[in-house]
Amino acid sequence: MPILEPHYSAVVIGGGQAGLSASHYLKEHGIDHVVFEKKTMAHKWREQRWDAFCLVTPNWQCQLPDHPYDGNDPHGFMVRDEIVGYVDRFIRKVDAPVFEHTAVTALEKAGDLYRVETSAGTVTADSVILATSLYSDPATPRAAERLPDGIMQLHTADYRNSDQLPKGGVIVVGSGQSGCQIAEDLHLAGRKVHMVTGNAPRCARFYRGRDVVDWLSDIGQYDITVEHDGMRKKKHDTNHYLTGRDGGRDIDLRKFALEGMALYGRMSGVSNGKMLFEPNLRANLDGADRVYNGINALIDKHIAANNIDAPAGSAYVPLWEPEIEPAEIDLVAEGVGAVIWATGFRPDWSFVGLPIFDGTGYPVHRRGVTSVDGTYVLGMPWLWTWGSGRFLSVGKDAEYVVGQLVERLANGRSVLRQAANG
């Protein structure tokens, strides 16, 4: 562990891929800095992924700074241990000045400097990069408090495999990427799964002879910025569900329903031992399929416009339709033994005493640069492009943010030199 200095040109808060990418570029520019991580570097990859976890995007999209995917299967999908190995090699390569198990408890301005209180001591800094992402703490609805005693509850961050669950059915609440993949994991293990859907979109894995991600990359979708028309709202959107498991495939909840999985609309509450649902199952399934077909239509248009030789296209036709919209499930009567909350995460900005947030608690910024001079954010979805916050583009975001930080420091020091030379 490095020695804690009283002052740094830059403090990075968060030791995940975003914070480590920032450290990489700070070192490249010769900027003295420190990284504070309240747990361990990239701990989420080691501690908050289930056994069958794998990447959803192909391996070639792993593009951390000076650390592209280094395996022999660029169009495959790394499983959990392979991802951890990839990240560990990046950690060793960056060799960042990190204080692990060090929580930042307060961040505030102190004149022209920042005052950063941590569990290891207090330092000052010329600038601060908040790289804690939006996925700090598991988010569980208050309705969880009203579940009957004896039903096991887990968040996706704590799920590992079906064997850790008691006998009986399993309710998965939330149909985003994690929820759908865990529901599939349980379904393949032979468990009775009750899937509570939301408005998450879905995407084909392969279409017209290629991975859809490859097509979208060629089209330029990953380069569209958040400032493009209609893209600002994307920062709060749920990711498309599909999987890289067993070489990659679609996730089709309608197919699962034909195989015995029970599907429901969005959860509206829990009362008297029953979980209650909104009557929007059909709308949720139709909405996901509409996005699926819309993405494929975009690929069709690209193929036609560029005269690309590819297999014929097609539109998805629903395999199953709900006959009814279930309003509730009696948890005990249906033999439910566990509920898995696939309800996402919430950020922890409680230590930040700076006026950088909007009315929803989201940091206001442009490409990671906030309105508070010297404060930057990194690692959030759609910070600038679709790849922000992921292995694909977090390095590009970090390079830009550090470039802005370096320019600010250089200008400030130039002013001080001019003043000193009077």
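**Figure 1. The cysteines C180 and C203 in the predicted model.** The sulfur of C180 lies 13 Å from the closest cysteine sulfur, that of C203, which is too far for a bond. Seen from C203, the closest cysteine sulfur is likewise in C180, at 13 Å, and again the separation is too far for a bond. A disulfide is a covalent bond between two cysteine sulfur atoms, and a search of the whole structure, which is a predicted model, finds 0 disulfides.

**Figure 2. The nonpolar cores of the model.** In soluble globular proteins, nonpolar side chains tend to be buried together. Here the largest nonpolar core has 90 residues, and V11, L107, I129 and L130 are those with the most contacts inside it. When neighbours within four places in sequence are left aside, L130 is in contact with I13, L107, W349, F351, V352, I356, T375, Y376, V377 and L378. A second, separate core of 19 residues includes C203, Y222, I295 and W384.

**Figure 3. Helix α3 and its buried side.** Helix α3 (residues 80-94) has 15 residues, which at 1.5 Å a residue should span 21 Å, and the distance of 21 Å between its end C-alpha atoms agrees with this expectation. The buried residues of α3 are R80, I83, V84, Y86, V87, F90, I91 and V94. Because these residues cover an arc of only 160° around the axis, they lie on the same side of α3. On the other side of the helix, D81 and R92 are exposed. The packing partners of the buried residues of α3 are α1 (17-28), α2 (43-47), β3 (63-64) and β4 (67-68). Just after α3, D95 takes a positive phi of about 50°.

**Figure 4. Strand β11 and its two pairing partners.** In strand β11 (residues 169-173), 5 of the 5 residues are buried, so the strand is largely enclosed by the rest of the structure. Both of its faces are covered, with G169, I171 and V173 buried on one side and V170 and V172 buried on the other. β11 pairs in the parallel sense with strand β19 (residues 336-341) over 5 bridges, and within β19 the bridge partner of I171 is V339. β11 also runs parallel to strand β12 (residues 193-196), to which 4 bridges join it; in this pairing V170 stands opposite V193 of β12.

Definitions and conventions: Residues are numbered from 1 along each chain as its sequence is written. This is a predicted model: local features need pLDDT of at least 70, side-chain atom pairs count only at pLDDT 80 or more; totals for chains, interfaces and linings use all residues. Side-chain values use heavy atoms; hydrogens and water are left out. The expected span of a helix is 1.5 Å times one less than its number of residues. Buried means under 20% relative accessible area, exposed over 50%, partly exposed in between (1.4 Å probe, protein chains only). The arc is that of the directions from the helix axis to the C-beta atoms. Contact means heavy atoms within 4.5 Å. A disulfide is a pair of cysteine sulfur atoms within 2.5 Å. A nonpolar core is a set of buried Ala, Val, Leu, Ile, Met, Phe, Trp, Tyr and Cys residues joined through side-chain atoms within 4.5 Å. Two strands pair if DSSP finds at least two bridges between them.
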